[in-house]
Amino acid sequence: MYYHKMENLITLDMLNKARNELEGRIFTRLQLNILKKRLQKKELNTNEKTYYYKYIKPKLKAMLSFLNIDEINIKGKEYMIEDRITKAVNILNKIKKKHKNKRIMISGSFLFNKNYNDIDIFIFTKYDKEDYTKGKIHVNFLLENAIDSIFFSSLSEVSISNFYYTNKNEFDIGLSNVLQNYELLINSILNRENYQKELRDFLLNTEYISTGVILNTKQLYALRKKINRIKMISNTLINALILGYNKNRLNNLKRYIADYRKLLKQYKSSNLNEYIQTYEKVIKLAA
Amino acid sequence: MQHEEAREIIKEILNDIKFEGHFDKCFDNLKESQQKELIKWVEECKDHKINPIQSKKERNLIGFVKKFGSNLRTILTKEKDGYFLVLFLDKHKYYEFEMLKLGF
C-alpha cells in the first residue's frame, strides 16, 4: 500500500503534542479533531471529508513545503519506528540534493530496528557507480533493472523513496540459482566468514519458491536471527525444493551429487559432504 | 608488499595464472596481514585444503572464494582436472557480478 506524504509525516503523537501551538493559529479546533480522526484511520463523514480536503490538507501541504518535502513515498509504515520516518525523510532530502533527478530509496534496519549498523540508501542509475559510505550512511548504486528483481520487491516493502513504482510479484527462480545461494551460504559459514548477505538471499528465495511469499526486510531480519545452524539451513532448502519444484526438475540434483562425489576424491571438503547429504534427502523425499 | 611482488609469488605457486578485477589496486589496499593471508590461501587452494564450489554454468569449472573484511572479495578459478585460470580480486559489488557471470 502507498501512503501520501502528509499522512506519513504527521503522527497522532505529534498532533497531540503540538495541539496548543496549532489551535487558533493554523487550524481551528474542529479541523484538528478531523485531522486526528484521519490519523486514527477512522472514517470521515461527508462534511468532515469536505473540511479535510478543502481546508486541512492544503494547509498541511503549505506547511510541508517549508521543509522542501515533495514526492515522498512511504511503504510499510506500520513496521517502522515513528521518529525514524522524519529522520529518513530528512536524509532523503539531503541525498536528493547531491544526486539530482535520481530515484532514491531508504530501506533496512534503520527504519524498523532500535539498533542498526548502517542507514542503507539505494540509488537507481542507468550506469553502475561506485558505492560509498559517509558516517553511518551507506549509499548503494543499483542498475535501474534491479527494480524488477525479487530483492527490490522485498526491500521496497518497508521503505521511503522519492519515486513511485509497481512491484513485480512473480519471479521465476531457477533451481540452479537456489542451489548457488545454498552452496555459497554453507561455504561462507564453514569458512567462518560473515554470511548475512548470503543468508538473506537464501531465505528470500526459499520462502518464495515454497510459499510464494516475498518476505520484507523486517521479516528477513527476524528470520536471520533465528536461522544460524547448518542443519537448519539444509532442512529449509529441502522443504523449499520439495514444495517448489517437480520431481523431474529435482532429478537434476543427481548430476550434482555425482559431480561432488568425484570432487570429494580430490578435496576432502566438508561443504561437499553437506551438499551431497542434502541433495540425497531431497531426491529420497521427492521419489 | 606491492602488487608486482605478489603477482610474482602467486605465479610461482600457480604457474600461468591471470589476474582480474582491480587486482593491483585492491591488493595494495589490503593490510599486510591480509596480503599474507591471501598468498597462504592461494597455496592452500593448490594443496586441496580449501572448499571448492562448482559452477552451475560450466560443470568443468570450480572456484574458491574468500572474503577480506566487509568489502574485498577474491575468486580463484580452476578447470576440474586442469590448470588454475584466474585470480580475481575486487570490491564485493564486482565480485557479485563476477560470481553470477561464472555461475557460482
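Student: What makes the strands of chain B an open sheet, and in what order do they lie?

Tutor: Five strands of chain B form an open sheet with the order 1-5-4-3-2, and the pairing is mixed. Two strands pair if DSSP finds at least two bridges between them. Strands (E, at least two residues) and helices (H or I, at least four) are DSSP runs, numbered from the N terminus. The edges are held by strand 1 (18-20) and strand 2 of chain B, each pairing on one side only. Before we go on: this is a predicted model, where local features need pLDDT of at least 70 and side-chain atom pairs count only at pLDDT 80 or more, while totals for chains, interfaces and linings use all residues. Residues are numbered from 1 along each chain as its sequence is written, chains are lettered from A and ligands numbered from 1 in the order in which they are written, and side-chain values use heavy atoms, leaving out hydrogens and water.

Student: How do you know that strand 1 and strand 5 of chain B pair?

Tutor: Three bridges link strand 1 of chain B to strand 5 (residues 84-91) of chain B, in the parallel sense; the requirement is at least two, so they count as paired. Within strand 5 of chain B, B:Val86 stands opposite B:Lys18.

Student: Which strands are the edges of the chain A sheet, and why?

Tutor: That open sheet has six strands in the order 1-6-2-3-5-4, with mixed pairing. Strand 1 (73-75) and strand 4 (132-134) of chain A each have a single partner strand, so one side of each lacks a neighbour in the sheet. From one strand to the next, the twist averages 20°.

Student: What joins strand 3 of chain A to strand 2 and strand 5 of chain A?

Tutor: Strand 2 and strand 3 of chain A run antiparallel and share five bridges, with A:Ile123 as the bridge partner of A:Ile104. Strand 3 and strand 5 of chain A run parallel, joined by seven bridges; here A:Ile137 is the bridge partner of A:Ile119. Strand 3 of chain A is also mostly covered, with six of its seven residues buried.

Student: Why is A:Met80 called buried?

Tutor: Buried means under 20% relative accessible area, exposed over 50%, and partly exposed in between (1.4 Å probe, protein chains only). A:Met80 has 9% relative accessibility, so it counts as buried. This residue is found in the loop between strand 1 and helix 5 of chain A. Leaving aside residues up to four places away in sequence, A:Met80 touches, among others, A:Ile74, A:Leu111, A:Phe112 and A:Ile160, where contact means heavy atoms within 4.5 Å.

Student: Why are helix 2 and helix 3 of chain A called roughly antiparallel?

Tutor: Helix 2 (residues 12-22) and helix 3 (residues 29-39) of chain A pack at about 175°, with axes 11 Å apart. Axes are lines fitted to C-alpha atoms, for helices over the stretch in contact, and angles run from 0 to 180 degrees between N-to-C directions. Under 35 degrees is roughly parallel, over 145 roughly antiparallel, 65 to 115 roughly perpendicular, and the rest oblique. The pair is therefore roughly antiparallel.

Student: How do you know that the length of helix 14 of chain A is close to the expected one?

Tutor: The expected span is 1.5 Å times one less than the number of residues. Helix 14 (residues 270-286) of chain A has 17 residues and reaches 25 Å from its first C-alpha to its last, close to the expected 24 Å. Its buried residues include A:Leu272, A:Tyr275 and A:Ile283.
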